Amino acid sequence: MSDCLFCRIASGEIPAQVLYEDEEVMAFRDINPQAPVHILVIPKNHYTSLLDLTERDQELLAHLLLTVKKLGSRSDLEGGFRTVINTGDDGGQWVKHLHLHVLGGRPMGWPPG
Ligand code: AMP
Ligand code: ZN
């Protein structure tokens, strides 16, 4: 999907501050951070949203969450972190390529904000 922003980041066509990368997933800093630490974790292959995943994608889902866990051992997230997946327009999903937000570096409070 050459017109998809996160596909273009995954391919290296658009630069990002990449913190972790392997064959299947990539983690990079959000360009408009909502917290002192704001990282996005994406599958390198294009999935429009969580709704695009099927039973066959269980390993990928686990891989995405374990990547979040890996990032969670960073010293700047030692106090904990929030993981958010926005889905669809009502969910506030602007970039239509599945991504997990990892937010931390301050108490995130409740309700989300
Ligand atoms: P969402 O509202 O869940 O679709 O979140 C999309 C996120 O992508 C927002 O937090 C944006 O700040 C972030 N974003 C948009 N463009 C870029 C970019 N080029 N590099 C990094 N993050 C981006
Ligand atoms: Zn994409």
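Ala, Val, Leu, Ile, Met, Phe, Trp, Tyr, Cys and Pro count here as nonpolar, Asp, Glu, Lys and Arg as charged, and the others, Gly among them, as polar. Keep that in mind at the second stop. The model on your screen is predicted.

**Stop 1: ligand 1.** Select ligand 1. The space it takes is the largest pocket. Helix H1 (5-10) and strand S2 (25-29) are the elements that give two or more residues to the shell around ligand 1. H1 gives the most, with three residues.

**Stop 2: the shell.** Now select the residues around ligand 1. There are 16 of them. The closest are Asp 30, Gly 92, Trp 94, His 99 and His 101. Color the shell by class: eight residues are nonpolar, six are polar and two are charged.

**Stop 3: the backbone contacts.** Show the backbone N and O atoms of Gly 92, Trp 94 and Val 95. At Trp 94, one such atom lies 2.6 Å from an oxygen atom of ligand 1. For Gly 92, the distance from a backbone N or O atom to an oxygen atom of ligand 1 is 2.8 Å. At Val 95, a backbone N or O atom is 2.9 Å from an oxygen atom of ligand 1. Ligand 1 taken alone exposes 510 Å², and the protein buries 83% of that.

**Stop 4: Gly 104.** Move to strand S5 (residues 100-104) and select Gly 104. Is Gly 104 buried or exposed? Its relative accessibility is 0%, so Gly 104 counts as buried; the cut-off for buried is under 20%.

How values were computed: Residues numbered from 1 in each chain as written. Chains lettered and ligands numbered in written order. Predicted model: local features only at pLDDT ≥ 70, side-chain atom pairs only at ≥ 80, totals over all residues. Heavy atoms only, no water. Near = heavy atom within 4 Å. Polar contact = N/O pair within 3.5 Å; in protein donor to acceptor, adjacent residues only side chain to side chain. Areas by Shrake-Rupley, 256 points an atom, 1.4 Å probe, with all protein chains shown as cover. 1 Å grid on protein atoms, 1.4 Å probe; cavity = no way out; pocket = protein on both sides within 12 Å on 5 of 7 lines; lining within 4 Å. Sits in = over half its atoms within 2 Å of the grid points. Helix = DSSP H or I, 4+ residues; strand = E, 2+ residues; numbered from the N terminus. Buried < 20%, exposed > 50% of the residue type's maximum accessible area, 1.4 Å probe, protein only.
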